[in-house]
Amino acid sequence: MKNILNAKWLWLVNTLPLICLMLLHYNNYEVANSQLSPEQKTLWLIAALGLASIWLMNVLYASWLAVAKQTVSVLFSLLNIITCVIFCLFAMEAEQSMTGGFPTWMLTEKISVHVGTFMMPSILYGLLCLLVWFQSSEASAYKSAYVLSFIAVPLLVMLAFILGNSFISRPESTVAERVIYYLSSFIAAAAILSFTFGLLLIAYNFLNKRQDRLVSLDYRRNVYIGFVAIILPPCGLWLNMTLDNLFGNFENKWFYILAVTNGLLLMIPNNENLLLRLLLFAFRSAFLPFILYFTVIFLPILPLGVLAILALGLGLLTFLPLLIFVTQIRILYEDLLFLVKNFNKGASVLFFIGILVLPALLTVVYMNDRVVLHNAMNYAYSSDYDAQCEVNSDNLGRTLRMVEASKERPNVNFFWNTRTTPFIDRFYQWLVLDNLTLSDEKAKHLAQIFLGVENDLSQKMIWSRRTPPPRLANPLMNYRVESAYDAPTKTWTSWVHLDITNADSTGQFGQKEYFTQIQLPAACWVQDYYLMVGKRRENGILAEKKAALWIYNQIVSVNRDPGLLYYSGHQRLNFHIFPFADKETRQTGIQFLHKEPLTIHIDSLDIQLGKQVGQATDEQLVEESPNACFVRGSQKSKLSKIKRKPYYHFLVDCSVAAKTYQQESIALIQAFLDKHKIKEQEATLSLVNAQIKTMPLQDFKSNLPKEAKYSGGFYADRALKGLLAKHYVKLEASCPIFVLVTPQRANAILSTTYDDFTFALFEHKKLYQLGAAGSLNSCELLAMEELSFSADTLLPHTSTQTTDSLYVWPNLQQPKAFFRNNAESEIFYKISPENRFEANATTDYRTGLALEAQAIQHLCFPSKATTDWVDLVRKSFRTKLLCSATTYIALEDEAQKVVLNRKQKQVLSGNKNLDLGEETQQAMSEPGDWLLLLVLVLFLCYLRIK
């Protein structure tokens, strides 16, 4: 193992992790910079200089060793350990001062976690260098002295903590007392490292075979390996499980299987059979990343392990991975010495291949999960409605469980989440989820669609759902309007300035949020927004929607000042401002771009935007553009009318839950048709589970047993939206009346509202359900809240009854647009998969039409959203017009804007259907932790043992 003193290890184990630590340090500082006091900036500077100094020391020394062809000295190893320990102690002590008063959700991770993770490899490498030196002849004089110091370790630790704890909570302590505190902390750290070094030395001596003691050492070696590598690892995993996964979730059976198998491989005695030795070397190499993984996990918590040994005697288990790692390296070294005589460099190649086996297998499994999950998401949210998809339900179920586990709150006493597997789940989140996640609602939705059951979220903690702040019940509103008309583009712009006062007198504790919904008239869009923060006007930032909503929810949880404006449905805005103190008045403003003068309703206010005076009247009856047809309310009566023929469209439940119901559904539909004298030709039917199969009613009656495949859930939402989009795009002369045929309404997977599809709902805005007893229930598809079914005694329209007439343009024979029979201005969008929507160089109402038409295209042809949604966001940014994929948000400080920008880039580079997290979830870490694991694997890949 003398090759470990080679200078190349300093580059891989010391300098590379330090570069990662410096980048993470800078990443946090870049966010926090604008909010730090001068004293805090000084601490950050000291930390940066300390890191740079340690890194430069390693770089210069490694470079000198390479030129001089020397090996790492024992003095440098000691010096490096001491400097790393001092920096770790500084980071732990200064962390609170460096980030005090700064929201932790803005930082990528706790500073102490970063330092502990990336400094520990340097400390461990220093210990291994000392171990190699300690076995040399020049160190023989120190061995007796070290044995005595090793015995004294428990006393030193106890003494150091007794002294340190006396002053740890006394900020008013004198200089001398603080010196004692820091000195005691350093003594405790030195004692812990001494104890760790002693364990490594014991393990190494057990494995250090000599010819004169071959038999006795073989026996001792087998006893040692059997106890340390076979018996204790499963015990440690079981103990961790009984302690509620204190150090992470290792309940998977494969951890036990791999741990015991690795121990058995180490237990097999070496012999002179070349083939057997080659196989043993290959398998032992393959299991090395498994042991390295646990070594990396437990490195930062070795100090806690020493304390646990003193307290309970169980802390020894935290040292097990380190002991097994040293043992495995020593045995592989023996194998390599034997094999290199026959295979030369081929043995090293086999080692490199071996250590990649487990990571490669894990990557293959996770890539398969990625394909399964993304296929499921793309089918549910981003595929055209006539597409089909087969999903492996077992893989999808496992993926959803892992996503759910990743949302659990971390244990506040340790580094790891009690329900996730350290590093592996981070790697999973990066590879499968693009560093994003699935919201609870989407996870539940996918489970319902493809598994036929609801995803089990019963174990999730209450903390994961943020309770929204109380809202203003009776706000006092005053307003002022500024409108201007641009004759060349025939476009109005209007500012609405609002004064909102918290007039509630309920005495409810805590600050409140103003919230309202604004229904925009046709051809009206939001072009700008501001919020007064104190005496400063904070202009709204137009940002990607998911990133802005995530930032808003984080800010609200710490009572800062955000404002938010975004679409929650077709032409419907959600407007939030937070916080409002008792009797507080806040000022805000929204700029609207609109085609014609109009009235807009905000809470109790009816606000007139623009005036008819001085505006020329358009000569065209219907104004047609490449993207839409616009008609004024006053011109509608000049258009022709059409009455579309209604027909019943039955959506039949073919989910797992309805399997025993298949014969009853035929009789139920037939009884309904007979009762109301509806001909079979006037009805059609779709078999619905995760897939949708549409057929005439006659085919269903004769081929049900053959055609119906009962699996998954009753995905009525997809069928409903697909049929609405089809009828809208094709301008069909018939109009559907949708009836769910299911024994239980709860089986149907539906959206909470279909407000997004307001543009496609003309005559019939109800959804019906035909129950098991022949009862007919209905709900309003455009309900502002969640859909609610109730008994309906009024039958929907049939072919023998009249329907609401529509206006048609330009004529009945070749219609280009339908308009509702009312006196309101309206837009009919020209939608097809091939349409390209170009925004004008000058922002006017035609630009708004193009953006809105593209958003409608994404609803009618969801596959277009997969490739074009980033294009829609960029057009919104360029034109400053709010669209369905963006949000106007007003932020209080620069740090929030930096985080928003980062989150926005993260969302735009990932899968559109993934989320940033739940409402109260902490900021997700960058993939820096598992990067360390990759660094250490590369460390081993360069291993050359001579």
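This is a predicted model: local features need pLDDT of at least 70, side-chain atom pairs count only at pLDDT 80 or more; totals for chains, interfaces and linings use all residues.
## Strand E9 and its partners

Strands E2 (residues 491-501) and E9 are paired through 10 bridges in the antiparallel sense; two strands count as a pair if DSSP finds at least two bridges between them. Thr501 has Thr585 of E9 as its bridge partner.

Residues are numbered from 1 along each chain as its sequence is written, and side-chain values use heavy atoms, leaving out hydrogens and water.

E9 covers residues 585-594, and eight of its 10 residues are buried, so the rest of the structure largely encloses it. Buried means under 20% relative accessible area, with a 1.4 Å probe and protein chains only.

## Helix H10

Now for a helix, meaning a DSSP run of H or I with at least four residues, just as a strand is a run of E with at least two. H10 (residues 274-298) bends by about 30 degrees at Phe287, and Pro289 follows within four residues. The bend is the angle between axes fitted to the seven residues ending there and the seven starting there. In H10, 18 of the 25 residues are buried, so it too is largely enclosed by the rest of the structure.

## Arg718 in helix H21

Arg718 sits in helix H21 (residues 716-730). Arg718 is buried, and beyond its neighbours within four places in sequence, its contacts (heavy atoms within 4.5 Å) include Tyr379, Asp386 and Ile692.

Notes:
Buried means under 20% relative accessible area, exposed over 50%, partly exposed in between (1.4 Å probe, protein chains only). Lys and Arg count as positive and Asp and Glu as negative; His and the chain ends are not counted. A salt bridge is a side-chain nitrogen of Lys or Arg within 4 Å of a carboxyl oxygen of Asp or Glu.
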